[in-house]
Amino acid sequence: QVQLVESGGGLVQAGGSLRLACTASGIIVRINAMGWYRQAPGRQRELVAVITSDSNTNFGDSVKGRVTISRDNAKNTVYLQMNSLKPEDTAVYYCNVDKVLTGRGYEYDYWGQGTQVTVSS
């Protein structure tokens, strides 16, 4: 089993910044993809950003140019730095890890519990 713990959400004014962090724990050898998704009320969950073990990144169209994603493999932690936040960025942000090599072999698609980000206008 892999557990994910997220931190860093909260309330921020439009134009401000937030940094989210997500740490994976368990018997982990290697994590392929680590990323962030978000879901606003009444909307589908969407990609924010993802980073692979060889540092390839992909970003959702709505956040390109405003967010960066990084990871610390030694700590099994992924970070999301969000700048120039807008009210439409308000959502629950979920951490995701995929293709995790654990003591039991490869395991796929774990999700965190979510952290609320609220951007006031």
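Which residue in β9 is the bridge partner of Tyr 37? The partner is Tyr 94. This is a predicted model, where local features need pLDDT of at least 70, side-chain atom pairs count only at pLDDT 80 or more, and totals for chains, interfaces and linings use all residues. Residues are numbered from 1 along each chain as its sequence is written, and side-chain values use heavy atoms, with hydrogens and water left out. The chain has twelve strands and zero helices. Helices (H or I, at least four residues) and strands (E, at least two) are DSSP runs, numbered from the N terminus.

**Overall build**

- Along the sequence the pattern reads β-β-β-β-β-β-β-β-β-β-β-β.
- The radius of gyration is 14 Å, close to the 14 Å that the globule rule gives for 121 residues, so the chain is as compact as a globular protein of that length. That radius is taken over C-alpha atoms, and the globule rule is 2.2 Å times the number of residues to the power 0.38.
- Taken along the principal axes, the C-alpha atoms fill a box of roughly 45 × 25 × 20 Å.
- Of the 121 residues, 44% count as buried. Buried means under 20% relative accessible area, exposed over 50%, and partly exposed in between (1.4 Å probe, protein chains only).
- The chain exposes about 6300 Å², and carbon and sulfur atoms supply 47% of that area. Accessible areas come from the Shrake-Rupley method with a 1.4 Å probe; for residues, only the protein chains shown count as cover.
- Among contacts with a separation of 6 or more, 57% come from residues 24 or more positions apart. Contact means heavy atoms within 4.5 Å.

- Two strands pair if DSSP finds at least two bridges between them.
- Strand β9 spans residues 91-102. Nine of its twelve residues are buried.
- Strand β4 (residues 28-39) pairs with β9 over ten bridges, in the antiparallel sense.
- β9 also runs antiparallel to strand β12 (residues 115-120), with three bridges joining them. Here Val 92 has Gln 116 as its bridge partner.
- Strand β11 (residues 110-111) pairs with β9 over two bridges, again antiparallel. Asn 96 stands opposite Trp 111 of β11.
- Three bridges join β9 to strand β10 (residues 105-107), and these two strands run antiparallel. Leu 101 stands opposite Tyr 106 in this pairing.
- A hairpin of two residues connects β9 to β10.

**Strand β3 and its partners**

- Strand β3 covers residues 18-25.
- Strand β1 (residues 3-7) pairs with β3 over five bridges, antiparallel. Ser 7 stands opposite Ala 21 of β3.
- β3 and β8 pair over six bridges, also antiparallel. Leu 18 stands opposite Met 82 in β8.

**The disulfide**

- A search of the whole structure finds one disulfide. The term means a pair of cysteine sulfur atoms within 2.5 Å.
- Cys 22 is joined to Cys 95, with an S to S distance of 2.1 Å.
- The pair links distant parts of the chain: Cys 22 lies in β3 and Cys 95 in β9, 73 residues apart.
- The torsion about the S-S bond of Cys 22 and Cys 95 is about -80 degrees, so this disulfide is left-handed.
- Cys 22 and Cys 95 are both buried.

**Thr 77**

- Thr 77 sits in strand β8 (residues 77-82).
- Its relative accessible area is 4%, so Thr 77 is buried.
- The side chain of Thr 77 reaches the backbone oxygen of Lys 75 at 2.9 Å. A polar contact is a pair of N or O atoms within 3.5 Å; within protein, one must be able to donate a hydrogen and the other to accept it, and residues adjacent in sequence count only if both atoms are side-chain atoms.
- Leaving aside neighbours within four places in sequence, Thr 77 is in contact with Ala 21, Cys 22, Thr 23, Met 34, Ser 70, Arg 71 and Asp 72. One of these, Cys 22, is a disulfide cysteine.

**Thr 102**

- Thr 102 belongs to β9.
- Thr 102 counts as buried because its relative accessibility is 8%.
- Beyond neighbours within four places in sequence, Thr 102 is in contact with Val 2, Ile 27, Ile 28, Val 29 and Glu 107.
- Thr 102 and Ser 17 are 85 residues apart along the chain, and their C-alpha atoms are separated by 34 Å.
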